[in-house]
Amino acid sequence: MEITESSISRRTLLRGAAATALLLPFGMSLASCAAPGGGGGGAGPAGEVTADNPFGVAANSTVDAVIFDGGYGVDYVENAGEIMAGNKGLDGVTVKVSASTKIAQELQPRFVGGNPPDLVDNSGANSIGWNTILDQLEDLSDVLEADNLEGEKIADTLFEGVKAPGTFGDKFAALNYVLTTYGVWYSGSLFEENGWEPPQTWQDLKALGEAAKAKGKYLFLWGKEAATYYQTLVVDSAVIQSGDDVRLPLENLEEGCWSHPTLQSILTILHDLIASGYVKPGGGGTQFTQAQSQWSLDQEALLYPSGSWIENEMKKTTAENFQMKGVREMPLDGNATTPAGFMRAEAGEPFIVPSKAKNVAGGKELLRTMLSKEAATAFSKEKLAPTVVKDTVPEDGFGSTALLSQVEMIAAAGSGTFTIKSFNLYGMNSDQLPIWNSFLDGKMSVEEITSQLQALTDKIREDSSIEKIEIK
């Protein structure tokens, strides 16, 4: 997953949209330039609707897909494109896949200009803020109601909760493809060699930090572009401890939300770990994959908090026999108010179909192909991560200990999972990064980081140019 500090704000996008609106006939808006569904954008005829072509993709048309080139690459979409091209029900349809690491910068002009791609993986720190384009996206409910390539209704083949992270208000605008588990990752072989146990609560971390220091290692490390991985760890851990009492105030930008006692207790422990020398210093000047390599290849630190993309992202720079494993993010202590196994697990890699695309039907058909058992199994085998399609990972996890950990965490959680939307929804990551880099480098107190994070939250809440969406 590539992470940078830049982002496109709602205000920036609206300025471009306003300029374009001056060129439109009176009474038209950017959102109304094209009729949703079918061939999209009114730009060409739709094909015949059949069992093999449920969205009516036009014959000999091209599907233009722009995919975030991060931890999972783009070849999995290319594979789905090849499967789609072999569909006998689609006459001469081809798929063009373009890789991008700067989705917002590269696609903002296309959205404003009314010629967006047919399918977009709106992922990475350079993704487009959801509140800027919601009215320009297709509702994807009809994709879930369609049959997959194997003849099963797609909705019946997916894990529970797939719609939640991509639903804004009443609109299911993004179909998230990869089932991402958020956890703390470690080397199974290193822990076994030293007789260590992975932490179960934040109370376990001091003793583990002391054990790491005795071996000339650190407990944690970080890289500058991924400093907010520790925000994810802190916030998710607080939600695991105290549930919606923590989550909802943060999600809805409430005054004082960062001062919740559980958040404060976890921040205090993390601050103490930093002050005790258990966190490797200098991460603010280290590129994030370099820092991750210090963990996975050099084994300078015991633990690394991340989403489950970490194994695939670092597979070329991981020590032999590392045996990567993971546990869920830790509650504060043994008195959590949430059920056993409760964790953050959400569908990630959000795919969208712009309503003004030239080939809306083609974008939806490519998504339908990606949700087939064939394409989803191929993804899990190659990327060592589960998709939202159930029953595509065998018992041996394709030989991946990290993938087996993910399956075990998901099974332990059952329906007890949650997601955090607000940080991405309002494009907060770029402003949060320097705050967390300073805190992790020991340059900021708990009071100071709380004040700065709350000030950023308050600024967004009070900004009348940003549309607020209630999160439940």
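This is a predicted model: local features need pLDDT of at least 70, side-chain atom pairs count only at pLDDT 80 or more; totals for chains, interfaces and linings use all residues.
Two residues are said to be in contact when heavy atoms of one lie within 4.5 Å of heavy atoms of the other. Leaving aside its neighbours within four places in sequence, Tyr177 is in contact with Tyr76, Gly348, Glu349, Phe351, Met370, Leu371, Ala375, Ala376, Phe379, Thr387 and Val388.

Tyr177 also belongs to the largest nonpolar core, which holds 140 residues. Together with Trp202, Leu303 and Trp436, Tyr177 touches the most other members of that core. Helix α8, spanning residues 229-242, supplies the largest share of the core, namely eight residues. In soluble globular proteins, nonpolar side chains tend to be buried together.

Stepping back to the whole chain, the protein contains 18 helices and 10 strands. Its radius of gyration is 22 Å, close to the 23 Å that the globule rule gives for 472 residues, so the protein is as compact as a globular protein of that length. Along the principal axes, the C-alpha atoms fill a box of roughly 70 × 50 × 40 Å. Buried residues account for 58% of the 472 residues, and the protein exposes about 18600 Å², with carbon and sulfur atoms supplying 49% of this area. Among contacts between residues at least 6 apart in sequence, 78% join residues at least 24 apart.

Strand β1 (residues 62-68) pairs with strand β2 (residues 94-100) in the parallel sense, over seven bridges. Within this pairing, Val63 has Val95 of β2 as its bridge partner. With helix α2 (residues 75-85), the two strands β1 and β2 make a right-handed β-α-β unit.

Definitions and conventions: Residues are numbered from 1 along each chain as its sequence is written. Side-chain values use heavy atoms; hydrogens and water are left out. A nonpolar core is a set of buried Ala, Val, Leu, Ile, Met, Phe, Trp, Tyr and Cys residues joined through side-chain atoms within 4.5 Å. Buried means under 20% relative accessible area, exposed over 50%, partly exposed in between (1.4 Å probe, protein chains only). Helices (H or I, at least four residues) and strands (E, at least two) are DSSP runs, numbered from the N terminus. Two strands pair if DSSP finds at least two bridges between them. A crossover is right-handed if, with the strands pointing away from the viewer, the path from the first strand over the helix to the second runs clockwise. The radius of gyration is taken over C-alpha atoms; the globule rule is 2.2 Å times the number of residues to the power 0.38. Accessible areas come from the Shrake-Rupley method with a 1.4 Å probe; for residues, only the protein chains shown count as cover.
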